[in-house]
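Please find below a colleague's note on the model shown here.

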Amino acid sequence: MDDMNKHDYYYHPLPGSDSRIDQCSNNNNNNGEINEGGATSHKQNNVHHINKYALAGAILASTNSILLGYDIGVMSGAVIYIRQDLKISSVQVEILVGCLNVCSLIGSLASGKTSDMIGRRFTIMIAALTFLIGAILMGLAPSFTFLMFGRVIAGIGVGFSLMISPVYVAELSPDLTRGFLTSLPEIFITFGILLGYVSNYALSSLPLGLNWRIMLGISAFPAILVALGVLAMPESPRWLVMKGKFEEAKQVLIGTSENKGEAEYRLAEISKAALNSIALSRNRQGVWKELLITPSRPVLRILIAAIGVNFFMQASGNDAVIYYSPEVFREAGIQGEKQLFGVTIIMGIAKTCFVFISALVLDKFGRRPMLLLGSLGMAISLFGLGMGCTFLQNSDEKPIWAISLCVVAVCATVSFFSMGLGPTTWVYSSEIFPMRLRAQGTSLAISVNRLISGVVSMSFLSISEEITFGGMFFVLAGVMVLATLFFYYFLPETKGKSLEEIEALFEDELH
């Protein structure tokens with residue numbers, strides 16, 4: 001560890017954001033801790049880059065998320081043709097759309113233990129291969145029952161993917177660029193949604209029965225690419241340390257750090273956290289007991305924060321709005337399938353632009369400000385959407401201004417989601433759990449995410465038929481007001497802190 005005294009190490013945030021140089025000293029400290037007197041921090045005028053090795057690993061892991069995004073986007077259009085071809089009811093449509101999300105909680109719960117056993121890389125491969133099987137079954141489905149079976153299998157793969165991708169990226173990333181890199185899964189989800197919208201538009205003119213099968217079946221191709229891409233990915237250094245593979249972990253850290261001194265400091269910090277985790281694990285009877293039965297006060301606060309942010313992410317109704325966006329736009333007075341799909345593409349472009357902007361500034365402004373801005377913006381946009389839909393429903397005419405209000409409000413809703421809850425939920429969930437609880441704690445939070453998504457998706461149309469689309473959007477606006485209050489009072493800022501420092505942050509909040 002002598003190199004830690006000799007080398008300054010640099011964390012490079014995004015262009016335009018603050019950078020810092022932390023100098024590590026272990027004078028009178030042989031366990032890898034930083035001397036407060038030896039730490040310095042100042043701003044640099046030159047522009048720094050993101051570590052290319054960490055970026056490449058994050059991109060490969062996040063590509064898995066395209067699969068979920070594509071399904072969300074393509075189902076919004078495919079379900080129109082599935083209903084016509086298979087003669088299914090509105091309730092069956094809700095079950096078909098929502099079952100993938102409900103079944104994904106199976107993969108989410110299983111992924112924590114699986115990734116602890118076989119590693120983060122191969123869990124990503126399992127996710128891709130499982131979705132591949134589901135996509136093939138959906139593309140070849142001769143009946144509603146067969147199609148449902150394919151979506152159940154695909155859903156399990158989605159559950160694995162949603163949990164493991166953010167965890168892997170968070171464990172691989174340097175501290176001050178972790179926000180951007182861990183946002184990449186949401187960027188890829190959003191890009192997948194846009195691809196789904198484009199697929200709907202491009203394939204809508206094909207014969208009935210062929211169009212929706214191709215829409216669903218072609219998602220098998222990115223799944224194959226993801227499975228192959230895993231072979232080029234490094235393993236998570238924190239998982240390697242937990243398995244006692246220190247030399248392998250060091251090599252990965254050297255690749256994701258700016259110099260050897262930084263890599264050795266990070267290894268020492270991770271090793272110390274791993275030893276603490278092992279000591280705590282020996283005093284407790286299993287991870288699930290520590291999480292659910294006898295959680296300490298810091299762990300309980302972490303659980304409330306992680307489950308809360310995942311609950312509100314899906315209680316916002318974002319997935320349902322995307323799944324049923326053609327229905328919403330038809331209610332707003334837009335007729336014709338090409339026109340409906342064209343408007344959804346505009347919505348997808350807006351969503352993609354804003355999620356990328358959010359990812360770029362997340363490490364500069366922090367998690368809390370982006371969550372508060374996004375949730376408050378969603379509340380206002382959903383209220384405007386509710387007003388527009390209510391006016392159109394009670395009016396014999398369809399004035400352009402009211403239709404435009406609904407279109408703008410939908411685009412604003414998904415854009416504010418992409419600025420706040422969309423990327424930040426994955427970042428926050430994957431970074432706040434201590435090392436010994438990270439995989440299974442995150443899997444628990446993501447399972448709540450998928451359960452709420454399934455419930456909302458499977459009830460959105462039925463509830464809207466009872467209280468109208470306008471009434472539904474007013475309810476969702478109220479939910480986002482509650483979300484804003486929750487984020488303000490229960491979520492501390494984690495920007496710029498190492499994963500090991502964040503655990504201490506939740507302990508400090510108690511004093």
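1. The model contains 5 cavities of 30 Å³ or more. A cavity is taken, on a 1 Å grid over the protein atoms alone, as a set of points where a 1.4 Å probe fits but cannot get out, and lining residues have an atom within 4 Å of a point. Grid points are joined across faces, edges and corners, and a volume is the space filled by probe spheres set on the points. The largest cavity has a volume of about 90 Å³. It is lined by 14 residues, of which Ile-72, Glu-186, Ile-189, Met-313 and Asp-319 are the closest to its centre.

2. Two or more lining residues of the largest cavity come from each of helix 3 (66-86), helix 7 (178-203), helix 14 (297-315) and helix 15 (318-323). Helices are DSSP runs (H or I, at least four residues), numbered from the N terminus. By class, the lining comprises 8 nonpolar, 2 polar and 4 charged residues.

3. This is a predicted model, in which local features need pLDDT of at least 70 and side-chain atom pairs count only at pLDDT 80 or more, while totals for chains, interfaces and linings use all residues. Residues are numbered from 1 along each chain as its sequence is written, and side-chain values use heavy atoms, with hydrogens and water left out.

4. In helix 9 (residues 220-229), the buried residues are Ala-220, Ala-223, Val-226, Ala-227 and Gly-229. Buried means under 20% relative accessible area (1.4 Å probe, protein chains only). Among the elements that cover these residues are helix 2 (52-62), helix 3, helix 5 (120-139) and helix 8 (211-217).

5. The model has 10 salt bridges, each a side-chain nitrogen of Lys or Arg within 4 Å of a carboxyl oxygen of Asp or Glu. One of them pairs Glu-171 with Arg-438, with the closest N and O atoms 3.2 Å apart. Glu-171 belongs to helix 6 (residues 144-172) and Arg-438 to helix 21 (residues 438-490), so this pair ties together parts that are 267 residues apart in sequence. Both Glu-171 and Arg-438 are buried.

6. Arg-367 and Glu-431 also form a salt bridge, at 3.1 Å from N to O. Because Arg-367 lies in helix 18 (residues 367-393) and Glu-431 in helix 20 (residues 421-431), the pair ties together parts 64 residues apart in sequence. Arg-367 and Glu-431 are both buried. Elsewhere, salt bridges that share partners join Asp-116, Arg-120, Glu-171 and Arg-438 into one network.

7. Within helix 12 (residues 260-283), Glu-262 and Arg-266 are 4 residues apart, about one turn of the helix. Their salt bridge has its closest N and O atoms 3.8 Å apart.

Key
1 Å grid on protein atoms, 1.4 Å probe; cavity = no way out; pocket = protein on both sides within 12 Å on 5 of 7 lines; lining within 4 Å. Nonpolar A, V, L, I, M, F, W, Y, C, P; charged D, E, K, R; others polar. Buried < 20%, exposed > 50% of the residue type's maximum accessible area, 1.4 Å probe, protein only. Contact = heavy atoms within 4.5 Å.
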